[in-house]
Amino acid sequence: MIQTLVPRKVKVLHRFRETPDIVSLTLPKVGTCVPGQFYQLSVLGYGEAPISVASYTTKTVQFTIRQAGTVTNALANLKKGDTLYIRGPYGKGYPLKEYEGKNIILIGAGCGVATLRGVIDYIIHHRHKYNDVFLFFGYRNVNDIIFKKEAVQWKEVFNFKTALSKEKSTTCHDWTSGHITEVIEGLKLRTKNTGVFICGPPRMINDTVAILKKKGFTDEQLYLSTERLMYCGIGMCCHCMIRGKFTCKDGPVFRFDEIGYFKND
Ligand SMILES: Cc1cc2nc3c(=O)[nH]c(=O)nc-3n(C[C@H](O)[C@H](O)[C@H](O)COP(=O)(O)OP(=O)(O)OC[C@H]3O[C@@H](n4cnc5c(N)ncnc54)[C@H](O)[C@@H]3O)c2cc1C
């Protein structure tokens with residue numbers, strides 16, 4: 001436990017700009033993490049922010065960071081070879097073992113797709129253990145799409161759909177115009193032996209859950225990854241509490257019946 005509390009000094013191994021406001025950083029791996037968990041990343045003089053694991057590799061770990069404010073801008077401005085600090089991993093990841101031999105549907109929007117990327121990498125490494133895998137990702141426009149290079153492989157291996165809410169549909173594109181929730185609403189999805197992992201803004205998660213429940217999915221099949229304001233990451237500061245649970249310790253991945261719909265709280 002003490003090892004995960006002490007920030008470790010590491011250097012950026014690789015930096016890639018995904019979109020005008022999203023950057024991916026590759027760092028040396030600290031500890032053993034699973035997709036869905038997060039680390040606290042810090043830059044001296046700026047502070048610390050929780051960022052999800054966005055990969056599944058042995059020696060390194062990737063983080064995909066949206067420039068939202070002070071810390072995330074400082075992280076995104078780091079170059080290859082620059083120093084930062086990392087502590088963790090923290091929290092509970094996705095129930096990937098539980099869904100071995102079953103189907104998995106991943107639904108993400110915006111930077112929420114980053115959290116699901118670790119799951120995708122994991123499934124690619126253990127492809128024989130899972131049946132049908134569906135990826136449904138939503139962004140505002142073409143410039144917001146992250147992991148464009150990786151998506152080329154995903155299209156070959158998985159059932160993959162992208163929806164862009166602010167782009168008008170024209171011919172010869174491999175995306176649909178509209179919200180990803182509209183795409184899901186129009187699809188016939190097999191509910192039996194299927195788990196659904198969702199990550200995105202609270203409203204998108206609420207709408208997605210409501211649609212899936214109408215299609216017959218039960219609360220026990222739906223897993224949400226939540227992002228609350230958070231400081232300590234270890235269940236001490238209480239900033240991240242949601243319906244009596246700590247996002248940092250009990251989550252950030254919750255089964256739907258553990259927390260229910262997001263409210264404006
Ligand atoms: C478990 C967890 C995993 C996360 N994973 C990722 C990730 O993989 N990639 C990523 O880009 N971001 C992720 N976030 C969100 C990220 O931690 C926040 O954007 C970051 O802490 C903001 O810090 P800042 O100093 O850059 O912004 P600040 O200057 O502190 O704030 C800028 C704005 O962002 C708001 N804000 C701050 N923290 C959050 C938050 N947690 N959720 C929503 N709004 C917030 C503030 O209220 C303010 O309006 C995650 C958050 C959690 C709790």
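Mentor: A word on conventions comes first. Residues are numbered from 1 along each chain as its sequence is written. This is a predicted model, in which local features need pLDDT of at least 70 and side-chain atom pairs count only at pLDDT 80 or more, while totals for chains, interfaces and linings use all residues.

Trainee: What are the domains into which the chain is divided?

Mentor: They are domain 1 (2-90) and domain 2 (103-259); such bounds come from an automatic or database domain assignment. The C-alpha centres of domain 1 and domain 2 are 21 Å apart.

Trainee: How many residues of domain 1 are in contact with domain 2?

Mentor: On the side of domain 1 there are 19 residues, in contact with 20 residues of domain 2. Two residues are in contact if their C-beta atoms, placed from the backbone, lie within 7 Å. Among the elements that give two or more residues to this side of domain 1 are strand 2 (14-19), strand 4 (38-43) and strand 7 (83-90). Helices (H or I, at least four residues) and strands (E, at least two) are DSSP runs, numbered from the N terminus.

Trainee: Which residues are closest to the ligand?

Mentor: The closest are Ala49, Ser52, Gly69, Val71 and Thr72, out of 23 residues that surround the ligand. A residue is near a molecule if its C-beta atom, placed from the backbone, lies within 6 Å of it. Strand 5 gives the most to this shell, with 5 residues. Each of domain 1 and domain 2 supplies at least three residues to the shell around the ligand.

Trainee: How is the shell around the ligand divided by class?

Mentor: It has 12 nonpolar, 8 polar and 3 charged residues. Here Ala, Val, Leu, Ile, Met, Phe, Trp, Tyr, Cys and Pro count as nonpolar, Asp, Glu, Lys and Arg as charged, and the others, Gly among them, as polar.

Trainee: Why is Thr181 called buried?

Mentor: A residue is buried if 20 or more other C-beta atoms lie within 10 Å of its own, exposed if 12 or fewer, and partly exposed in between, with C-beta atoms placed from the backbone. Thr181 has 25 C-beta neighbours inside 10 Å, and therefore counts as buried. Thr181 lies in helix 5 (residues 180-185). Apart from its neighbours within four places in sequence, Thr181 is in contact with Met204, Asp207, Thr208 and Ile211.

Trainee: How do you know whether Phe147 is buried or exposed?

Mentor: Because Phe147 has 21 C-beta neighbours inside 10 Å, it counts as buried. Phe147 is placed in the loop between strand 9 (133-139) and helix 4 (148-157). Its phi is positive, about 60°, although Phe147 is not a glycine.

Trainee: And why does Asn193 count as exposed?

Mentor: Asn193 has 12 C-beta neighbours inside 10 Å, and so counts as exposed. The place of Asn193 is in the loop between helix 5 and strand 12. Asn193 also has a positive phi, near 55°. Most residues other than glycine have a negative phi, and most peptide bonds are trans.

Trainee: Where is there a cis peptide bond?

Mentor: The cis bond joins Gly88 and Pro89, with omega about 5°. Pro89 is found in strand 7.

Trainee: What makes strand 8 and strand 12 a pair?

Mentor: Two strands pair if DSSP finds at least two bridges between them. Strand 8 (residues 103-109) and strand 12 run parallel and are joined by 6 bridges. Ile104 stands opposite Gly195 in strand 12, and the partner of Gly108 in strand 12 is Cys199. Strand 12 is also joined to strand 13 (residues 222-225) by 4 bridges, and these two run parallel. In strand 13, Cys199 has Ser225 as its bridge partner.
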